[in-house]
Amino acid sequence: MPLTVNDLIPFVVVGAAAVTALSTIAGVRLANQAAERQLKLRLNHQDEKDHKEALRVRLEELYQLIDIWAGKVVIHHTTYRRVMDGLLTYNQALDAAIESESFNSARLFTLADLYFPFCHDVLDRIKASRDEMADIQHSYKELYRENGPTIKGAKYSEVLTEKLIQFNSAIDQYKSSLSEYAREV
């Protein structure tokens with residue numbers, strides 16, 4: 001028996017409902033995928049923004065710490081340079097060093113080593129200058145210990161002054177590198 005139009009209507013209705021349901025499911029799935037992509041992009045952007053902000057905060061802290069530390073290093077060595085020039089005794093310099101505010105440089109070097117490796121070559125020069133100044137000061141201290149305050153330290157004072165100038169130059173270069181990096185971040 002042939003099918004009549006009335007017999008086909010339920011099949012057409014069921015077919016139309018199935019197509020509508022499938023279209024709705026596909027539309028919801030596409031909308032969810034688009035929303036998920038959008039959320040991932042937004043979260044990635046926020047993560048990148050948070051990372052840059054955290055890096056910027058550490059950068060500012062390092063910039064301030066390097067400035068404070070460098071000032072303390074210069075004052076320390078300048079005090080002993082005055083001993084070399086005969087303007088202070090070693091005991092007076094030691095008293096001044098004891099009275100001066102100490103500075104824990106661990107945070108400074110931790111930040112520099114962990115977060116700003118692109119400046120390590122300049123930081124290594126800074127450390128080398130610091131060590132050279134300490135060696136000069138130590139050599140003079142040994143002479144002072146052996147010969148007392150009559151020892152002439154002009155030669156040591158001149159070399160220490162040169163090293164202080166190199167140290168300051170390296171500090172300025174390091175701070176300049178940090179400033180340049182801050183503009184990129």
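Is Glu61 buried, exposed or partly exposed? Glu61 has a relative accessible area of 25%, so it counts as partly exposed. Buried here means under 20% relative accessible area, exposed means over 50%, and partly exposed is in between (1.4 Å probe, protein chains only). Here are my notes on the rest.

1. **Before you start.** This is a predicted model, where local features need pLDDT of at least 70 and side-chain atom pairs count only at pLDDT 80 or more, while totals for chains, interfaces and linings use all residues. Residues are numbered from 1 along each chain as its sequence is written, and side-chain values use heavy atoms, with hydrogens and water left out.

2. Arg107 is partly exposed because its relative accessibility is 42%. Two terms need spelling out. A salt bridge is a side-chain nitrogen of Lys or Arg within 4 Å of a carboxyl oxygen of Asp or Glu. Helices (H or I, at least four residues) and strands (E, at least two) are DSSP runs, numbered from the N terminus.

3. **Bridges inside one helix.** By that salt-bridge rule, the count comes to eight. One of them joins Lys40 to Glu36, with the closest N and O atoms 3.5 Å apart. Both residues belong to helix α1 (residues 5-84) and are four residues apart, so about one helical turn separates them. Glu36 has 45% relative accessibility and therefore counts as partly exposed. Over in helix α4 (residues 120-147), Glu142 and Arg145 are three residues apart, about one turn of the helix. Their closest N and O atoms are 3.9 Å apart, and the two form a salt bridge. Glu142 is partly exposed at 28% relative accessibility, and Arg145 is exposed, with a relative accessible area of 56%. Why does this spacing come up? An α-helix has 3.6 residues a turn, so residues three or four places apart point the same way.

4. Which residues does His77 touch, not counting residues up to four places away in sequence? They are Arg130, Met133, Ala134, Gln137, Leu160 and Leu164; contact means heavy atoms within 4.5 Å. His77 lies in helix α1 and is buried, because its relative accessible area is 4%. Thr78 is in helix α1 too, but with 23% relative accessibility it counts as partly exposed.

5. **Tyrosines together.** The structure holds 11 aromatic pairs. One of these is Tyr140 with Tyr144, a tilted pair at 6.0 Å centre to centre and 45° between the planes. For the rule: rings of Phe, Tyr and Trp (its six-membered ring) pair if their centres lie within 6.5 Å, and planes under 30 degrees apart count as stacked, over 60 as edge-to-face and the rest as tilted. Tyr140 and Tyr144 are four residues apart in helix α4, so about one helical turn separates them. Tyr140 is buried, with a relative accessible area of 2%, and Tyr144 is buried as well, at 13%. Tyr80, Tyr90, Tyr140, Tyr144 and Tyr156 form one aromatic cluster. Lys155 lies over the face of Tyr156, 5.1 Å from the ring centre. A charge sits over a ring if NZ of Lys or CZ of Arg is within 6 Å of the ring centre and within 35 degrees of the ring normal.

6. **Helix α5.** How many residues does helix α5 have? It has 31 (residues 154-184), and it reaches 45 Å from its first C-alpha to its last, close to the 45 Å expected at 1.5 Å a residue. That expected span is 1.5 Å times one less than the number of residues. Among the buried residues of α5 are Tyr156, Ser157, Leu160 and Leu164. What covers the buried residues of α5 includes α1, α3 and α4.

7. **One serine to click on.** Ser157 is in helix α5 and counts as buried, because its relative accessibility is 5%. Leaving aside neighbours within four places in sequence, Ser157 is in contact with Arg81, Met84 and Asp85. With Asp85 there is a side-chain to side-chain polar contact at 2.7 Å. A polar contact is a pair of N or O atoms within 3.5 Å; within protein, one must be able to donate a hydrogen and the other to accept it, and residues adjacent in sequence count only if both atoms are side-chain atoms.
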